Amino acid sequence: MPSFRASELLPTGFCAVGALSEGDSAVVTIRAMSANSSCPSCGAVSNRVHSQYPRRLADLPIAGRRAVLMLQARRFRCEAVLCERRIFTERFNDNILKPWARRTARLDQIVHCLAIALGGRPAASFARRLSIPVSNDTLLRAVRRRGNPSFVPPVIIGIDDWAWRRNHRYGTLICDLERRKTIALLPDREPATAEAWLIGQPQIAVVARDRGGSYALAAQKALPNAVQVADRWHLMENASHAFLDAVRKSMRQIRSAIGAATINPGLLTAAEKLQYEGYLRREETNAAILAMAKEGATIKEIVRSAGYSRGLVRKVLRGQRSDVFRVRSSSLEAYLPWLDEQWAAGRRNGSELWRSLKQRGFRGCLRVVSEWSGRRRRSERMDASSISRAPSARTVARLMTIGRDQLSKAETVTVAAIESGVESLVEAREVVADFQAMIRRMAPAELDPWIERAKTSLVAALANGVTKDKAAVSAALSSAWSNGQAEGHICKLKLVKRQMYGRGKLDLLQARVIGVT
Ligand SMILES: [Zn+2]
């Protein structure tokens, strides 16, 4: 078995002269084993030592301690007749020690990896734990010095924008979709910038990009023969947005469908919510009883077939049961005028009000009063009109597109009212759902029939947009390449950018995002 020699701990080509402790560092004095060195100007080998000088180098930690190598560096005389250099400092292999470096190449390699993986500041603190003394700035410099990593010329790319700062400054990210790697970050999202980059990559055959927009134009100009693919993720987004627009256009009809008597469940107290749900149940019963009566059933028959009490059926048929809340005297009722007065005078603390009420003979518990005051506060926060106002377009769009099982009773009532009152919106929802299903199933044959149908619907704008970019959209439905990956890379970019602590200069970002994949 070959034995391990302590000299193997040193960089190749050096031997130890001595070692000592200096604080928490191990200081090893070393010298080069070679008797000569070649002149950097003429390349002639010289063994005539002129002088010596100490060179202090940081190296990989030794057994958890910082390591310092004190190199007894030599100066040589150049003896070549025609060389203008008289004296030169000894040179080593760049893979071991670079001419002016203060760290050995093997340490520099680790420093560079740390900076790439963690970013300046986090890398600096981690390096300290590893007994590698480097500053934040040194780490950033280490990343910069290596320049932009090279990449294999891509054939299938995804291109998308990303925000340096939301709504403020945008850049462009380009992915190699085959190798699943980010290969370039461009400083802005101008068509000219993207075009310039794309022109340099004439081998690109497929460009996945968002629908329409500047990248389509840039790709068209720079790579006229490349196939453009509309990014499926963006298509899904476009479709959802088209539905939201349709809802916005229909708000007037929606409001009248929901009616002014809408109850905002947010304003109800817990007890009232229970009552409200009871009310919805009662409304169902009422509707069932009325329907039977309409078909000519007698009270007796309704009672027998539906199992409701005779009194209840009679009440419903006389129209005496359409209250929202069962009229039930609240324990608070007698005190409401007094409470309102206090509220108006600014006494709004629930427990204080409750204590005063108790002195006035109120026997209910604190919860009754605090629920009342909470409700007052909520209703004041909204203006009077918003209480009866329909939900926002965004909310309506969401309610209409999420699963029924995820809706509360009140939301179900709202959606049902919209669906029966605004049929064009129901149609728009179907058209959008069909579009998204078509994308998921990747069914290009369905595109033309879909466009025909969508043209006359509330989401005609989506149909028009798709028609304008039809080649790329149908490519999205038949090509395996979608830009979904670019989205993933943008997420990683955001993470890296956060770790840069606001020092996210493009070259550093690029080195970090592209360097580690
Ligand atoms: Zn020379």
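Donors are taken here as N, O and S atoms within 2.8 Å of the metal (3.2 Å for Na, K and Ca), and since water is not among the atoms, sites may look incomplete. The model is predicted, so local features need pLDDT of at least 70 and side-chain atom pairs count only at pLDDT 80 or more, while totals for chains, interfaces and linings use all residues. Residues are numbered from 1 along each chain as its sequence is written, and side-chain values use heavy atoms, with hydrogens and water left out.

The zinc ion is held by the SG atoms of Cys 39, Cys 42, Cys 78 and Cys 83, at 2.2 to 2.4 Å. The 4 donor atoms subtend angles of 99 to 115 degrees around the zinc ion, and the arrangement is therefore tetrahedral (for four donors, all angles between 85 and 135 degrees). Ideal angles for four tetrahedral donors are 109.5 degrees. Along the chain, the donors of the zinc ion have the spacing C-x2-C-x35-C-x4-C. Cys 42 belongs to the loop between strand E3 (37-38) and strand E4 (45-46), and Cys 83 to the loop between strand E6 (65-77) and strand E7 (87-89), so this pair ties together parts 41 residues apart in sequence. Helices (H or I, at least four residues) and strands (E, at least two) are DSSP runs, numbered from the N terminus. Cys 83 is buried, at a relative accessible area of 6%, whereas Cys 42, at 38%, is partly exposed (buried is under 20% relative accessible area, exposed over 50%, partly exposed in between, with a 1.4 Å probe and protein chains only).

On a 1 Å grid over the protein atoms alone, a cavity is a set of points where a 1.4 Å probe fits but cannot get out, and a pocket is an open set with protein on both sides within 12 Å along at least five of seven lines; lining residues have an atom within 4 Å of a point. The second largest pocket contains about 590 Å³ of space, a volume being the space filled by probe spheres set on the points, which are joined across faces, edges and corners. Of its 24 lining residues, Ala 58, Ala 101, Arg 102, Arg 103 and Asp 108 are the closest to the centre. Helix H3 (136-145) is among the elements giving two or more residues to this lining, and H3 gives the most, with 4 residues.

The structure also holds 2 cavities of 30 Å³ or more. The second largest cavity has about 40 Å³ of space, and its lining includes Pro 11, Phe 14 and Thr 104.

Terms used: Tetrahedral: all angles 85-135°; square planar, octahedral: opposite > 155°, others 65-115°.
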